[in-house]
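Here are some friendly notes to read with the model open beside you. Take the points one at a time and find each residue as you go.

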Amino acid sequence: MLLIDLRKAFNTVNHQILLNKLKTFGMNASSVSWFSSYLADRGQSVFLNGTFSDQMNVSCGVPQGSILGPLLFLVYMNDMPSSVKCKLFLYADDSALMVSGVIIIQNNLSAELESLSQWLILNELSLHIGKTESILFGSKHRLSKCNELNVMYKGKTIFSSNTVKYLGATLDNNMRGNSMGESVIKMVNMRLKFLYRKQCFVDKDLRKILCNSLVQPHFDYGSCFWYGGVKERTRRML
């Protein structure tokens with residue numbers, strides 16, 4: 001699995017490419033014109049020591065913090081899967097390439113990354129090599145026989161790790177879920193210590209509400225994939 005990191009993805013969306021994609025998806029001329037007006041004539045300035053800098057035009061990117069911003073970005077990224085032959089997991093700007101095999105995994109990933117990079121160039125997006133990383137999944141027996149995964153991109157080796165974070169979940173190379181279980185324990189303990197220190201300020205009903213909102217979500221998130229494989233010691237702590 002190769003986890004792709006893009007440089008300032010939301011801020012580098014090309015407006016003309018986005019409008020062309022809206023046309024391709026069947027949007028009529030009037031609607032495309034409205035979006036063109038929505039994106040145009042936006043400015044930015046810096047406020048420092050009580051003074052605003054001169055305003056500069058924002059010529060690319062989608063308005064962050066807006067309702068339409070994420071939707072427009074999804075439209076922009078929607079055709080990325082057409083650039084590769086392998087599985088591509090796509091969630092906003094968090095994307096990951098996945099190939100399976102025994103011997104040629106790293107060669108396939110390198111080839112798919114090169115193909116994906118061509119799509120990025122055409123869409124004026126930039127790959128952040130320093131934050132892009134790879135991981136090799138497999139059984140303990142198979143992993144013991146494999147060397148480190150060496151995915152290449154323009155002569156550089158992509159960093160390989162035994163654990164990665166994807167969409168807030170920690171994935172182990174053996175898919176047992178121990179790292180995720182341990183991170184959940186750590187986070188829950190921090191929240192419980194905080195609530196314990198503040199218990200004199202809240203009644204029982206409010207404590208339940210706080211636990212449901214601050215603690216329970218950490219147990220629930222992704223539990224169907226990580227809880228079943230954790231070590232017995234970790235499971236007792238959970």
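**Notes on the model**

1. Let us start with a loop residue. Glu-124 counts as partly exposed because its relative accessibility is 48%, where partly exposed is the range between buried (under 20% relative accessible area) and exposed (over 50%), found with a 1.4 Å probe and protein chains only. Glu-124 sits in the loop between α4 (105-122) and β8 (133-134). Helices here are DSSP runs of H or I with at least four residues, strands are runs of E with at least two, and both are numbered from the N terminus. Although Glu-124 is not a glycine, its phi is positive, at about 55°. Most residues other than glycine have a negative phi.

2. A word on the model before going further. This is a predicted model, in which local features need pLDDT of at least 70 and side-chain atom pairs count only at pLDDT 80 or more, while totals for chains, interfaces and linings use all residues. Residues are numbered from 1 along each chain as its sequence is written, and side-chain values use heavy atoms, with hydrogens and water left out.

3. Now look for the sheet. In what order do the five strands of the open sheet stand? The order is β6-β7-β1-β8-β11, and the pairing is mixed. The edges belong to β6 (87-91) and β11 (159-160), each with a single partner strand, so one side of each has no neighbour in the sheet. Two strands are said to pair if DSSP finds at least two bridges between them. Strands of a sheet pair through backbone hydrogen bonds, either parallel or antiparallel.

4. Follow β7 through its partners. Strand β7 (residues 94-98) pairs with β6 in the antiparallel sense over five bridges. Within this pair, Leu-88 stands opposite Leu-97, and Phe-89 has Ala-96 as its bridge partner. Strand β1 (residues 2-4) also pairs with β7 in the antiparallel sense, over three bridges. Here Leu-3 has Ala-96 as its bridge partner. The hairpin of β6 and β7 has two residues between the strands, and Ala-92 takes a positive phi near 55° there.

5. A second hairpin is worth a visit. Strand β12 (residues 163-166) pairs with β13 in the antiparallel sense over four bridges, and Lys-165 stands opposite Thr-170 in β13. This hairpin has two residues between the strands, and Leu-167 takes a positive phi near 55° in it. Is Leu-167 buried or partly exposed? With 32% relative accessibility, Leu-167 counts as partly exposed.

6. The side chains of Lys-21 and Asp-79 form it, at 2.9 Å from N to O. This pair links distant parts of the chain: Lys-21 is in helix α1 (residues 15-24) and Asp-79 is in the loop between α3 (68-77) and β6, 58 residues apart. Lys-21 counts as buried at 10% relative accessibility, whereas Asp-79 counts as partly exposed at 29%.

7. Other charges gather on the surface. Lys-140, Arg-176, Lys-231, Arg-233 and Arg-236 make up a patch of positive charge. Patch members have over 30% relative accessible area and no salt bridge; like charges are joined within 9 Å, and nonpolar side chains (Val, Leu, Ile, Met, Phe, Trp, Tyr) within 5 Å. Lys and Arg count as positive and Asp and Glu as negative, with His and the chain ends not counted. Arg-233 lies in helix α10 (residues 232-237) and is partly exposed, with a relative accessible area of 47%.

8. Leu-113 lies in helix α4 and is buried, with a relative accessible area of 0%. Leu-113 and Lys-193 are 80 residues apart in sequence and 44 Å apart in space. Val-99, in the loop between β7 and α4, is buried at 14%. Val-99 and Arg-191 are 92 residues apart in sequence and 38 Å apart in space.

Methods: Areas by Shrake-Rupley, 256 points an atom, 1.4 Å probe, with all protein chains shown as cover. Salt bridge = Lys/Arg side-chain N within 4 Å of Asp/Glu carboxyl O. Charge placed at Lys NZ, Arg CZ, Asp CG, Glu CD.
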